[in-house]
Amino acid sequence: MAKIVVDVMLKPEILDPQGSAVSAALPRLGFTFAKSVRQGKRFEIEVDGDPTPAQLAEVEKAAKTLLANPVIETFKVSVEK
Amino acid sequence: MKVGVVTFPGTLDDRDAARAANHAGTTAVSLWHGDADLKGVDAVILPGGFSYGDYLRCGAISRFAPVMEKVIAAAKGGMPLLGICNGFQVLCEAHLLPGALTRNHELHFLCRDQKIEITNNQSAWTSSYEVGQEIIIPLKNGEGSFQCDDATLAALESEGRIIARYVGENPNGSRNKIAGITNERGNIVGLMPHPEHAIDTLTGPTADGLGFFTSVLNAMVK
């Protein structure tokens, strides 16, 4: 079943202490690939059948109102099969 | 003079906020998050705690509680409104105040007596203080780092809307050591530390916090 996915990330200029903590923990475990790490949130939304454009528009609105805080975060709505 | 104190599911400090309001000579009235009714109060306090378990973002769900519709409308009309800690987060989520409160920069939950400097005594909640006065009240939060964009910060600074700053080391990474701010009109104040826990020396580290609650009495008498 297809689902609607909303990915929320802190804006680049907003301090992300959680991402920094993960970034600092990686090399301690021998993982040296990361230049930096930012941590976000992911919402998976199930709807009946395939998402319609109207549903996607509603999700977009909900993301702006509730799921993300546009003052500090950006979001991206997508569909995953 | 009636001061409403809102209780959301997960609010912790409503009792202390009500006690502080009564101690200051106003009459505290309990307001329930699910009732779109302000019971004729003259001012409202959104107290600290973990409303809705801080799920999603602190204050993000409480901001849509039925009582908030009335609180927001009244505050836009000039009613004094104080958000403490979680209440400050609710005010930012409701866009009554600019910016947002994010995770403390060192990720630790803080709980300590904190010195702050009052930097604006023109708001409805700070008129009992002198500008430059240093007070000690408890600070206890996990997400108390005030963040906003550069333009907002510049506006807050130039308009004198920062009502209090942390003294000494920045405890949580707040921009420009901001502990509290107000809106253009001065009736809405958000404050991260807790004045309601410092209204007498029997229960608090000092009685320094009482001034927030006597200030609003003066504001309402005016």
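**View 1. Helix H1 of chain B and the residue after it.** Gly25(B), with a positive phi near 100°, follows H1(B). The model is predicted: local features need pLDDT of at least 70, side-chain atom pairs count only at pLDDT 80 or more, and totals for chains, interfaces and linings use all residues. Residues are numbered from 1 along each chain as its sequence is written, while chains are lettered from A and ligands numbered from 1 in the order in which they are written. Helices (H or I, at least four residues) and strands (E, at least two) are DSSP runs numbered from the N terminus.

**View 2. Buried residues of H1(B).** Helix H1 (residues 14–23) of chain B buries Asp14(B), Asp16(B), Ala17(B), Ala18(B), Ala20(B) and Ala21(B). Buried means that 20 or more other C-beta atoms, placed from the backbone, lie within 10 Å of the residue's own. These residues pack against strands S1 (2–7), S2 (27–32), S3 (43–46) and S4 (81–84) and against helix H5 (210–221) of chain B.

**View 3. The open sheet of chain A.** Three strands are arranged in the order S2-S1-S3 (chain A), with antiparallel pairing. Strands S2 (41–46) and S3 (73–80) of chain A are the edges, each pairing on one side only. Pairing requires at least two DSSP bridges between two strands. Strand S1 (residues 3–10) of chain A is joined to S3(A) by eight bridges; Val6(A) has Val77(A) as its bridge partner in S3(A).

**View 4. The contact between chains A and B.** Chain A contributes 10 residues and chain B 15 residues. Contact means C-beta atoms, placed from the backbone, within 7 Å. Helix H1 (residues 17–28) of chain A supplies the largest share of the chain A side, three residues.

Technical notes: Contact = placed C-beta atoms within 7 Å. Buried ≥ 20, exposed ≤ 12 C-beta atoms within 10 Å, placed from the backbone.
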